[in-house]
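Let's take a walk through a protein together, one piece at a time. Keep the sequence and the 3D view side by side as you read.

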Amino acid sequence: QVQLVESGGGLVQAGGSLRLSCAASGSISSINVMAWYRQAPGKQRELVASISSGSSTKYVDSVKGRFTISRDNAKNTVYLQMNSLKPEDTAVYYCNLVVVLVVAGARDYWGQGTQVTVSS
């Protein structure tokens, strides 16, 4: 019913920038919370940033001041602008969207994940 496509990951040197995108399509009425998670090798998945339907944002302390989450409701897309990247930001990044479906109800969906690698 709903498909998520992530893009924008890659390899970057420390101090560099990347912009991740996650576009949703399908039987979408609206999208509530949009979020980015990441999972580094051997670690648990952690919430990096979230943005509500009213554009209120939250960040994990380790990325505050460096990452910016934003959304384009017309495109059903969430972005994560990552600046001043550090090697410890290396992880697979996943988007997670809470979607209100056209048919009925709401559920959350995960993107396929995109690798971000920051070299020192």
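In strand β3, the residue that bridges to L4 is A24, and the bridge partner of V5 is A23. A strand here is a DSSP run of E with at least two residues, numbered from the N terminus. Two strands count as paired if DSSP finds at least two bridges between them. In general, strands of a sheet pair through backbone hydrogen bonds, either parallel or antiparallel.

A word on what you are looking at: this is a predicted model, in which local features need pLDDT of at least 70 and side-chain atom pairs count only at pLDDT 80 or more, while totals for chains, interfaces and linings use all residues. Residues are numbered from 1 along each chain as its sequence is written, and side-chain values use heavy atoms, with hydrogens and water left out.

Now step back to the sheet around β1. Four strands form an open sheet in the order β1-β3-β8-β7, with antiparallel pairing. Its edge strands are β1 (2–7) and β7 (67–72), each pairing on one side only. From one strand to the next, the twist averages 15°; the angles are taken between N-to-C directions, from 0 to 180 degrees, using axes fitted to C-alpha atoms.

What lies inside the protein? Its largest nonpolar core has 31 residues, of which W36, V78, L80, M82, Y93 and L97 touch the most other members. Such a core is a set of buried Ala, Val, Leu, Ile, Met, Phe, Trp, Tyr and Cys residues joined through side-chain atoms within 4.5 Å. The strands β1, β3, β4 (28–39), β5 (46–51), β7, β8 (77–82), β9 (91–101) and β11 (114–119) each supply at least two residues of this core. The biggest share comes from β9, with six residues.

Next, look at some loops. P41 lies in the loop between β4 and β5, and it counts as exposed because its relative accessibility is 74%. In the loop between β5 and β6 (57–59) you will find S55, which has a positive phi of about 70° although it is not a glycine. With 45% relative accessibility, S55 counts as partly exposed. S84 sits in the loop between β8 and β9; its phi is also positive, near 50°, and S84 is not a glycine. At a relative accessible area of 40%, S84 is partly exposed.

Finally, take in the whole chain. The protein has zero helices and 11 strands. Its radius of gyration is 14 Å, close to the 14 Å that the globule rule gives for 120 residues, so it is as compact as a globular protein of that length. That radius is taken over C-alpha atoms, and the rule is 2.2 Å times the number of residues to the power 0.38. Of the 120 residues, 39% count as buried.

Technical notes: Buried means under 20% relative accessible area, exposed over 50%, partly exposed in between (1.4 Å probe, protein chains only).
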